[in-house]
Amino acid sequence: MFSCGPRVSFEVGSDEPTLEGSLQELARVLFAGRTAEATLHDVADLAQRTIPGCDAASVTIIEGGKPRTTVSTAEIAVEVDRHQYAADEGPCLEAVRSDQVIRVDSYDGESRWPAFLPAVVKSGVKSSLSLPLVAVDEAVGALNLYSSTVEAFVDAEPVGIVFAGQAAITLANASAYHKAADLARNLALALEHRDIIGQAKGILMAQDGVSSEEAFDILRRASQRSNRKVYDLAEEIVNRNGNGTGTGPG
Amino acid sequence: MNDDLPASPAGAPAGDAAAMDGIRRFLGMTNEDLWLVYIALGGVWSLDDFTGYLQGTGDGRRIANRGREHKVLAQAIDEQFMGLTTLP
């Protein structure tokens with residue numbers, strides 16, 4: 001009752017105004033400069049509104065090896081996702097792990113994921129489509145579409161792949177942004193440390209009559225002797241100097 | 001201290017960029033990670049020059065004070081090693 005196949009590329013025809021309008025809206029979402037979470041929510045919301053029969057959508061991302069539902073359009077999606085995480089199996093997790101689109105046309109006839117099935121049947125979800133979000137050749141999450149009717153996603157895979165691609169781009173951009181932001185923060189901290197070390201070197205140069213390089217060597221040797229970081233020693237020198245209580249690095 | 005760790009990272013042969021890079025990888029650091037510590041210690045190379053030096057592909061003639069930079073880089077590695085081996 002389910003199908004499983006490789007991701008495929010396709011081109012969307014221009015004779016479906018609803019889909020075309022959604023894709024145009026997706027393009028705007030991409031450049032709207034909003035947070036990744038807001039963008040992912042828009043992607044999930046558009047997917048739900050565009051794909052006939054889709055009643056709920058969610059995006060799962062893998063963080064530290066653990067799945068987490070980062071956005072959803074309805075509580076039922078969160079609930080079904082949660083059951084999958086608890087059972088450590090289900091179409092969403094299989095989509096991530098196998099890097100394949102997982103379509104379930106009817107949970108009533110499904111036999112896979114025995115630990116997860118009772119909960120999803122009880123939830124009222126009848127069919128689903130789980131699409132891996134691939135960034136740098138690795139599935140980092142999944143776009144999950146749920147329906148209260150059977151066989152809701154028989155013809156929806158190509159369209160779903162477009163939305164999944166959009167979500168993957170959003171995640172990749174967010175990852176690149178956070179990496180750059182972390183680097184900027186760390187660089188600011190590094191420069192602040194360099195300023196303190198520079199002040200300490202200046203103090204040593206003035207008081208001991210040594211060059212900049214010799215001052216750094218004094219700090220470096222003191223660091224190695226005492227197993228303390230140069231920054232900590234430098235801060236101590238600067239603070240001592242400010243208090244007029246000596247300058248040596250120890 | 002973990003017996004598997006090198007006893008003194010900065011004790012690597014002076015100017016031995018390959019040893020420096022080996023220690024960097026041993027510490028699980030990216031070039032950017034190490035470069036940030038190096039910058040904090042007063043190093044002046046750009047990230048590209050820094051990476052080139054570590055990979056042995058940089059043009060050493062462009063580095064005005066290579067001996068000093070080696071000391072700063074060695075200290076940067078020591079600082080990371082210190083953080084790895086010093087109890088909180």
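Modeller: A:Ser98 lies in helix 4 of chain A. The coordinates belong to a predicted model.

Biologist: What makes A:Ser98 partly exposed?

Modeller: A:Ser98 has 13 other C-beta atoms within 10 Å. A residue is exposed at 12 or fewer and buried at 20 or more, so A:Ser98, with 13, counts as partly exposed. Its C-alpha atom is separated by 8.5 Å from that of A:Pro132, 34 residues apart along the chain.

Biologist: Why is A:Trp113 called buried?

Modeller: A:Trp113 has 20 other C-beta atoms within 10 Å. The criterion for a buried residue is 20 or more, so A:Trp113 is buried. A:Trp113 sits in the loop between strand 4 (101-104) and helix 5 (117-123) of chain A. Its phi is positive, about 55°, although A:Trp113 is not a glycine.

Biologist: How do you know whether A:Asn227 is buried or exposed?

Modeller: A:Asn227 has 10 C-beta neighbours inside 10 Å. Since 12 or fewer is the condition for an exposed residue, A:Asn227 counts as exposed.

Biologist: What is the overall make-up of chain A in secondary structure?

Modeller: Chain A has 8 helices and 6 strands, which follow one another as β-α-α-β-β-α-α-β-α-β-β-α-α-α. Of its 250 residues, 39% are buried. Among contacts between residues at least 6 apart in sequence, 60% join residues at least 24 apart.

Biologist: Why are helix 6 and helix 7 of chain A described as roughly perpendicular?

Modeller: The axes of helix 6 (residues 157-208) and helix 7 (residues 212-226) of chain A cross at roughly 110° and come within 9 Å. Angles of 65 to 115 degrees count as roughly perpendicular, and these two helices are therefore described in that way.

Biologist: Which residues of helix 6 and helix 7 of chain A meet?

Modeller: From helix 6 of chain A come A:Ala200, A:Lys201, A:Leu204 and A:Met205, and they meet A:Ser212, A:Ala215, A:Phe216, A:Ile218 and A:Leu219 of helix 7. By class, the residues of this contact are 7 nonpolar, 1 polar and 1 charged.

Biologist: Which residues touch the most other members of the largest nonpolar core?

Modeller: They are A:Ala44, A:Ala47, A:Ala57, A:Leu143, A:Leu145, A:Phe163 and A:Ala167, in a core of 43 residues. The elements of chain A that give two or more residues to this core include helix 2 (36-50), strand 2 (56-63) and strand 6 (138-147). Helix 6 of chain A gives the most, with 7 residues. Leaving aside neighbours within four places in sequence, A:Ala167 is in contact with A:Leu40, A:Val43, A:Val59, A:Leu133 and A:Leu143. A second, separate core of 34 residues includes A:Tyr231, B:Ile39, B:Leu41 and B:Val72.

Biologist: How many residues of chain A are in contact with chain B?

Modeller: In chain A, 18 residues are in contact with 13 residues of chain B. Helix 6, helix 7 and helix 8 (230-243) of chain A each supply at least two residues of that side, and helix 6 gives the most, with 9. The side of chain A that touches chain B has 8 nonpolar, 6 polar and 4 charged residues.

Biologist: What confidence does the predictor give the complex?

Modeller: The complex has an ipTM of 0.74 and a pTM of 0.57. Chain B has a mean pLDDT of 73, and 66% of its residues reach 70 or more. Over residues 1-15 of chain B the pLDDT is below 50. Where pLDDT is low, the predicted coordinates should not be read in detail.

Technical notes:
Residues are numbered from 1 along each chain as its sequence is written. Chains are lettered from A and ligands numbered from 1 in the order in which they are written. This is a predicted model: local features need pLDDT of at least 70, side-chain atom pairs count only at pLDDT 80 or more; totals for chains, interfaces and linings use all residues. Axes are lines fitted to C-alpha atoms, for helices over the stretch in contact, and angles run from 0 to 180 degrees between N-to-C directions. Helices (H or I, at least four residues) and strands (E, at least two) are DSSP runs, numbered from the N terminus. Angles under 35 degrees count as roughly parallel, over 145 as roughly antiparallel, 65 to 115 as roughly perpendicular and the rest as oblique. Two residues are in contact if their C-beta atoms, placed from the backbone, lie within 7 Å. Ala, Val, Leu, Ile, Met, Phe, Trp, Tyr, Cys and Pro count as nonpolar, Asp, Glu, Lys and Arg as charged, and the others, Gly among them, as polar. A nonpolar core is a set of buried Ala, Val, Leu, Ile, Met, Phe, Trp, Tyr and Cys residues joined through C-beta atoms within 7 Å. pLDDT is the predictor's confidence in each residue, from 0 to 100.
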